[in-house]
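Trainee: I would like to learn how to read salt bridges. Please take me through some.

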Amino acid sequence: MTTEVRVPTLGESVTEATVATWFKKPGDAVAADEMLCELETDKVTVEVPAPAAGTLGEIVAAEGETVGVDALLATIAEGGSAAAAAPAASAPAATKETTEGDAGAATDVMVPTLGESVSEATVSTWFKKVGDSVAQDEMLCELETDKVSVEVPAPTAGILTEITAEEGSTVDATAKLGVISGGEAGAVTPTPTKGETAGGAQYTTPPAGQGGPAKDIANAPSAEKAMAEAGLSADQVQGSGRDGRIMKDDVARAVAAAAAAPASTSTPAAAAPVRAPVAADDAAREERVKMTRLRQTIAKRLKDSQNTAAMLTTYNEVDMTEVMALRNEYKDLFLKKHGVKLGFMSFFTKACCHALNEVPEVNAEIDGTDIVYKNFVHMGIAAGTPTGLVVPVIRDADAMSFADIEKAIAEKGARARDGKLSMAEMQGGTFTISNGGVYGSLMSSPILNPPQSGILGMHKIQDRPMAINGKVEIRPMMYLALSYDHRIVDGKGAVTFLVRVKEALEDPRRLLMDL
């Protein structure tokens, strides 16, 4: 019996993920609920457990591939079917025509596994011709399907003696492409999944700009051919393959970007999408790392926010004397009773909830030609993690006590750092607080977290001389910044909001009296 391993539900509004790592390979024994692979979405990392015990058969989605919800990842042969699953799992690209003691045995080059729901492909390019010597794993040809390009490596070393599927011909998933003679008996190896060698190691490339890949590593042959035709060098193309390997699509994008630049412009800015050539000595000291889906999404969302919202920032400063005195007076009792430290974030959260009640447009969002006012506050608390910025949401923060807010912030902050936040915990926020002060920032302009209309930036508490009742005193001061969407929030509302936050923090009793 065969069990299918499919992509689990990824969360609200998340429709695809990238296969980051396979912990098992075809033929490995797996136990029920043992981790098989890890998927990376634009928000979190998802582990995929084995739905049943058995032997891992075919891996349909290789590392680096993008898959949708419920897509087939692999198969598991259960119980007694395990032995039968091994041949299917390895998806051989060649079958050996064995003759006992024949040193010149022939090996058929077969169409590799094309992926779920793909039944045929077109032979686009042969990189070798009949009579050429080939090394094991050297690229022989490239197939094109309606979804991806598939490269076919040589299953063994020898001489290419026959090509049975010429360029332009359409072949099915079980067709023979050619024949290699002269390989050693038993040298046939399973066809690697896309991006892998027969030994399971990933193809890699050196840092860009080193004058091409290392001796034992190559960019996609189709990419090399396309670069030669376009007159591009490897350091002019940004690779999207594993470890920066240049693929055919990368060359097409580079060519399109160069063509889009004005022909009369010869300045480097005209070819901005294409990376400028790098000196060899500089390239040797560079490191190329593919952006994670989380970082790509952060970049896209922040830029979309700037392009969409009429964003403006207003500033004020707050004297933290009273909040710091109140915190120092009650922090020990607070910790003893509630089991959590009393920090500044609960004061700021309460102050913002108080101000949002008076200026509801800062807590609203635009939906087409409508303004949606929220009669609740789901407070987003921006948190830095090793993989990037995330914004867990504290729901109904306006109805929570100081202790409940501190507990929620501590719990979600720990989960964020461990990468264990679910999608639901980062959705639905109506307003956001970002604390750059923990990193020493004295002043900044935070970017809106769409579709929200406001975000408060906290900063470093700095002792500064202030005029108090006609005398100069040293006070702990903090700059506050409110970025807001001017399409929905007028300047008067933004300034009023920030003044109310300032008043609540400089006299915390106002929060208790709802003033």
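Trainee: Which residue forms a salt bridge with Asp-304?

Mentor: First the idea: a salt bridge is a side-chain nitrogen of Lys or Arg within 4 Å of a carboxyl oxygen of Asp or Glu. Here, Asp-304 pairs with Lys-300, and their closest N and O atoms are 2.9 Å apart. This is a predicted model, where local features need pLDDT of at least 70, side-chain atom pairs count only at pLDDT 80 or more, and totals for chains, interfaces and linings use all residues. Residues are numbered from 1 along each chain as its sequence is written, and side-chain values use heavy atoms, with hydrogens and water left out.

Trainee: Where do Asp-304 and Lys-300 lie?

Mentor: Helices (H or I, at least four residues) are DSSP runs, numbered from the N terminus. Both residues sit in helix α5 (residues 293-308). They are 4 residues apart, about one turn of the helix.

Trainee: Is Lys-300 buried or exposed?

Mentor: Buried means under 20% relative accessible area, exposed over 50%, partly exposed in between (1.4 Å probe, protein chains only). Lys-300 is exposed, at 54%. Asp-304 is partly exposed, at 33%.

Trainee: What does Glu-506 form with Lys-502?

Mentor: A salt bridge, with the closest N and O atoms 2.9 Å apart. Glu-506 and Lys-502 are 4 residues apart in helix α9 (residues 491-506), so about one helical turn separates them. Glu-506 is partly exposed, at 26%.

Trainee: Which residues are linked in a network of salt bridges?

Mentor: Glu-358, Arg-500, Glu-503 and Arg-510.

Trainee: How many salt bridges are in the whole structure?

Mentor: The search finds 20.

Conventions. Helix = DSSP H or I, 4+ residues; strand = E, 2+ residues; numbered from the N terminus.
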